[in-house]
Amino acid sequence: MLNVPPQAFPAPSSQQRVAAGGRAKVPLKPGRSLMDWIRLTKSGRDLTGLKGRLIEVTEDELAKHNKKEDCWICIRGFVYNVTPYMEYHPGGEDELMKAAGADGTDLFDQVHRWVNYESMLKECLVGRMAVKPIAAPKGMLPEKKVLGASARDLTPSYDWFQTDSLITIVIYTKQKDMNAELVIVDCEDKRLRGEIVDDHSYLVEVDLDHAVQEDVAVNIAEKVGKVEIILKKKDNIHWKMLGQALESHNTFIKRTERGLFYRKCKLVSKTEVTHDTKLLCLMLPRSTHLCVPVGQHIYLKQTIAGTEVVKPYTPVLPFLPLDFKEPPRHDGAHLYLMIKMYSCGLFTQALDHLQIGDYISVSNPEGNFKKSQVQTSEDLFLLAAGTGFTPMVKLLNFALTEVGCLRTVRLIFFNKTEDDILWRNQLEQLALKDERFEVQFILSQPAKDWVGKQGKISSSLLSECVKRSRKDSKVLICICGPTPFTEQGVQYLKDLGYSQEEIHTFTA
């Protein structure tokens, strides 16, 4: 298979490249929106040029289609004619051309693994890649890959046992410091899915032998790394087996290689935060165990005009806790999302029209932020623009309740007007409650009576607001907002002498 080196995408000078691997949009021509693309795919027009035929594509044939006016790309063994999609691609035509006539799977996964390309490009499907048979020498079998002893020792395993009323699945993770955030369990219609996630993913996935009740309990022995998933039998009968293993059962792979899993969550409340931003509360199914770690995001999936559309959002807390006697205990049954509703946004308008009681698909969490980045710091600076504030909410709470070594926690919050500031009163109360915390509001379009700082992100503003508490203080600077804000902020910080290791960008 023809492969493009991963470092070639996005191009170094591309508008799509962000300091920490994020994705930027480029201006599209009028009539080239997502809704326009959906309409085109449903128009009956032949988008493949093959008049409805599906073909087997060889490497040589794929390589011939490498021009803007004739561009085929392979993703996970399927070949798509993306020529008609060129002008509709939010990342621009040049980014698609990086994989023209080649296998673009790695490039696709780097930039937007979460996008449902099968739905978006289903009318562009040319066919499958032809598989080359690999002939083994006569009289020999192909070599089997065998894990070394150390690798085998680290591979999780599972077992199960039963009582008259319960089924218990025990996962031996073989890692210390297990916690609830690393365990994801879903059980629906006899399908059990239990996943242990960190940098790798271990999955137990079976079609259960008999029906179970909705309630699922998860017990974690943190020190020894043992996880118990406890199911209640619907009927008190003896099970001869746990169930039938599904395709990915008992596999241990890199987390990024595991496909996203979605479950349906119910919208239980929708409250106004500002004039254009709302706080949505989603209830997880009773048979789901899911805790979104600090700094990670989930994906929401909706079907709009017959096409699945996916967008990332970072869950927040329902409010900022102001009592720091002990860390707040979240019930684990709800997710809270703070979302700006764009008047011209196809996805957010669909979200805004959801009624209480409606369902929406929610993915497993993703993200590369580690709590240890905060736990080893002495000064924490959070740079947020607009709803770029959302990853900072849990991070702020974690820093002030569970990290004792921090001397300074400062939020520099950029907005257009006072009316745009999210949770302003709560943030000001928090600053009065905890002497380590400071908040600085900066407006780009302030009213005449605004007495605070004004302007956009700049080197001079950052030099004034981001300062080490001591000359040798260990610093972590987290930044989130629109792509230009993030890119400029990272560059200004580097110009001020901060290293890449001291900067974390949230780019989902």
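Visitor: What should I know before I start, and how are the residues numbered?
Guide: This is a predicted model, in which local features need pLDDT of at least 70 and side-chain atom pairs count only at pLDDT 80 or more, while totals for chains, interfaces and linings use all residues. Residues are numbered from 1 along each chain as its sequence is written, and side-chain values use heavy atoms, with hydrogens and water left out.

Visitor: How many helices and strands does the protein have?
Guide: The protein has 12 helices and 29 strands, where helices (H or I, at least four residues) and strands (E, at least two) are DSSP runs numbered from the N terminus.

Visitor: And what share of the residues is buried?
Guide: Of the 508 residues, 46% are buried; buried means under 20% relative accessible area, exposed means over 50%, and partly exposed lies in between (1.4 Å probe, protein chains only).

Visitor: Which residues of helix 10 are buried?
Guide: In helix 10, which covers residues 424-433, they are Gln426, Leu427 and Leu430. Seen down the axis of helix 10, these residues fall within an arc of 100°, so they line one face of the helix; the arc is that of the directions from the helix axis to the C-beta atoms.

Visitor: What is on the face turned away from them?
Guide: That face of helix 10 carries the exposed residues Asn425 and Leu432, whereas the buried residues pack against helix 9 (390-402), strand 25 (408-415) and strand 26 (437-443). Contact here means heavy atoms within 4.5 Å.

Visitor: Changing topic, where is Arg263, and is it buried or exposed?
Guide: Arg263 sits in strand 16, residues 262-272, and because its relative accessibility is 4%, Arg263 counts as buried.

Visitor: What does its side chain make a polar contact with?
Guide: The partner of Arg263 is the side chain of Asn364, at 2.6 Å. A polar contact is a pair of N or O atoms within 3.5 Å; within protein, one must be able to donate a hydrogen and the other to accept it, and residues adjacent in sequence count only if both atoms are side-chain atoms.

Visitor: Which residues does Arg263 touch?
Guide: Not counting residues up to four places away in sequence, Arg263 touches several residues, including Ile184, Asp186, Leu284 and Asn364.
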